[in-house]
Amino acid sequence: MQLELLDKLRKENPVVLNAANFVTVQDVANGLNAIGASPIMSSEIDETDEMVNMASAVAINMGSLTKLQIAHMKKMGDLAREYHKPIVLDPVAVGAVDYRLNIAQDLLWNFHVGVIRGNAGEIAALGEFDWQSKGIDAGSGAGNLDEITKEVAKKYHCTVIASGATDTISDGTNVVHVHNGTPLFQAHVGSGDMLTSIVAAFCAVTDSRFEAAQAATLVFGSIGQLVVQDHPDVGPGSFGMYLMDYLAKVQVSDIEKIADYD
Amino acid sequence: MQLELLDKLRKENPVVLNAANFVTVQDVANGLNAIGASPIMSSEIDETDEMVNMASAVAINMGSLTKLQIAHMKKMGDLAREYHKPIVLDPVAVGAVDYRLNIAQDLLWNFHVGVIRGNAGEIAALGEFDWQSKGIDAGSGAGNLDEITKEVAKKYHCTVIASGATDTISDGTNVVHVHNGTPLFQAHVGSGDMLTSIVAAFCAVTDSRFEAAQAATLVFGSIGQLVVQDHPDVGPGSFGMYLMDYLAKVQVSDIEKIADYD
Amino acid sequence: MQLELLDKLRKENPVVLNAANFVTVQDVANGLNAIGASPIMSSEIDETDEMVNMASAVAINMGSLTKLQIAHMKKMGDLAREYHKPIVLDPVAVGAVDYRLNIAQDLLWNFHVGVIRGNAGEIAALGEFDWQSKGIDAGSGAGNLDEITKEVAKKYHCTVIASGATDTISDGTNVVHVHNGTPLFQAHVGSGDMLTSIVAAFCAVTDSRFEAAQAATLVFGSIGQLVVQDHPDVGPGSFGMYLMDYLAKVQVSDIEKIADYD
């Protein structure tokens, strides 16, 4: 686990370009900024070339997808391949909405995607596994998440993060589990979107998507856990506030003390 | 007053679809999530059928209205009627902007609307009563709010909530007043939008729009009041944060102790 | 320094119309509301006439610019001139993105602009000075900020605010420096956008754009400084929360005690 990537990220302050979900965009920008990256959001296709060019990584979030955004996302994908910038995709609600699943699959055939991050229901849907999603929530399914995550990573030739109480991460061959976290992440809408963009920030400081995915997931999960450890009475609102504070102040040494993965 | 609907909402965790106001969408999503519902937002007309179908209620907010959204809102309305899903409308700023008033009236002739929630100026405008609104604020008027609320409910065959220091709720025949609340709601932009979507969540767990409107208004007003009771020095920022915490933790028994309505 | 404009603003509660950046719009609306103005956001060109007419000032933020917004912004500019309403422009990222720089320059030739507020890199770009911006951040440059700010003010016949550790403000002839502030502003995305809209609110209560710019900058910087003075352990999240509280509660007499400008 390359936790030192957090220090590298903070030193290099990489620009992360986001095709953002308007529901959570402020949290995502603040989360990137707090952890030490430089967020930029774009909604205009005519500035895509400059934006991808200046960015060190691209995060594409389908959370408030419109047809107009699809063309924009495809152009981001084309340019990211041309300029060798890593792409992280968040397939929000593809487990519950077939329209989004079709678009996600279409994007994934166009993209040279580095990492896909979603909840179990979203990841299962991308692999056409049987799973009952509920809106933006993971829902429940009987499948083996290790197998599902590995198969989806194989299918799309990328790293996959299935977020949950335990996060499951696979590059199609290996599977890593991160046990750090807190149920409060579920209580705060946008936690997953923040992680997606933070994964992109980690991809900006290493060539290994699999290492970036692991480190980002462990860092983010541990930071949430530390918030709750220090403030046990926290609710959805105060958790969201402290999360920003802790993204800025938690150090690698703090995370090493509680890191729990296999 | 069917306060037990709060427990039912938390048990059933209904999906609430939102045509959202981009100014307040993050608060609305977090508020729904905190109180125990499952928020989903959509900006794309091509996913409307699936979205309305999976949702238990639909909240339509005119706060950042665009022409593109109008077609989307109409389709949501048509599908909500077809799939028997309750609709709650928030006619933001129709008291101050004629353009929006015309669109709201047009939507209301198309919709099978369940509840309209606005401030006094917005509700008065829908009934073509004389009232001086100011931007997104209620402004002031000389009319009798009981009469205005009742007449607007009759006119549109629905339940109407006129929010204010006292909330006035009518189904066109009966009028209920909720006195719980706090002036801090005014200090936090998006409080009204949060209530609108929470009313939709209550509509998802009872067939009576009038009961849903009353319970949601009492619950939300009481929760705000409890925040200020416990944190008397709260300002607009800390109030917004604690509101989320309290939406998650306040119980029916806490509300019963302070409930003040007639 | 006309600090008494803060009291006038709170008394008059002016409506400020915003062409908003979707990343920071909720903070901007809450910030305006907290300090005592009445925010309204619009995304629809067909309501522009009514919106500009009812507003006392217009804030135009290029932070999430789309081609669709450009036509809207131009119409706001035309109507603001017709109705004699001050315009404040925030040229987000023009230092890093040529596409945006071209549009900003085009808008500025159309507008009767009152105040431009940006970081050093954005202001330098508008004056075609040499400067290395980084995404939405100021970056670094070798030029003399006094000269740059003064020249840009001359070029566009307006007042210019270059925000930074020290804020530099010029009307093309005079230069004022505001030293109040805190590095936490950098840690909270949207601080600059909040200031831009608050400058518009101050423009609504005086005919002097230069006085409005100075007072708004000193008030906002001092409020941030007071937050950190009272809460030295604040991080990006808690700073953002307290900032809203303090925008509502800080008085002119509090600011006078720490005001530091020349």
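1. A word on terms before the counts: two residues are in contact here if their C-beta atoms, placed from the backbone, lie within 7 Å. Please also keep in mind that this is a predicted model.

2. Let's begin with chains C and A. On this definition, 28 residues of chain C are in contact with 26 residues of chain A. Three helices of chain C, namely helix 2 (25–35), helix 5 (98–110) and helix 11 (236–249), each supply at least two residues of the side that touches chain A. Helix 11 of chain C gives the most, with four residues. By class, this side of chain C has twelve nonpolar, ten polar and six charged residues.

3. Now to chains B and A. Here 26 residues of chain B are in contact with 28 residues of chain A. At least two residues each of the side of chain B that touches chain A come from helix 2 (25–35), strand 2 (38–41), helix 3 (48–54) and helix 11 (236–249) of chain B. Helix 11 of chain B has the largest share of that side, seven residues. The side of chain B that touches chain A divides into 15 nonpolar, five polar and six charged residues.

4. How are chains C and A related? The copies use different surfaces, as 11% of the contact residues of chain C recur in chain A.

Definitions and conventions. Residues are numbered from 1 along each chain as its sequence is written. Chains are lettered from A and ligands numbered from 1 in the order in which they are written. This is a predicted model: local features need pLDDT of at least 70, side-chain atom pairs count only at pLDDT 80 or more; totals for chains, interfaces and linings use all residues. Ala, Val, Leu, Ile, Met, Phe, Trp, Tyr, Cys and Pro count as nonpolar, Asp, Glu, Lys and Arg as charged, and the others, Gly among them, as polar.
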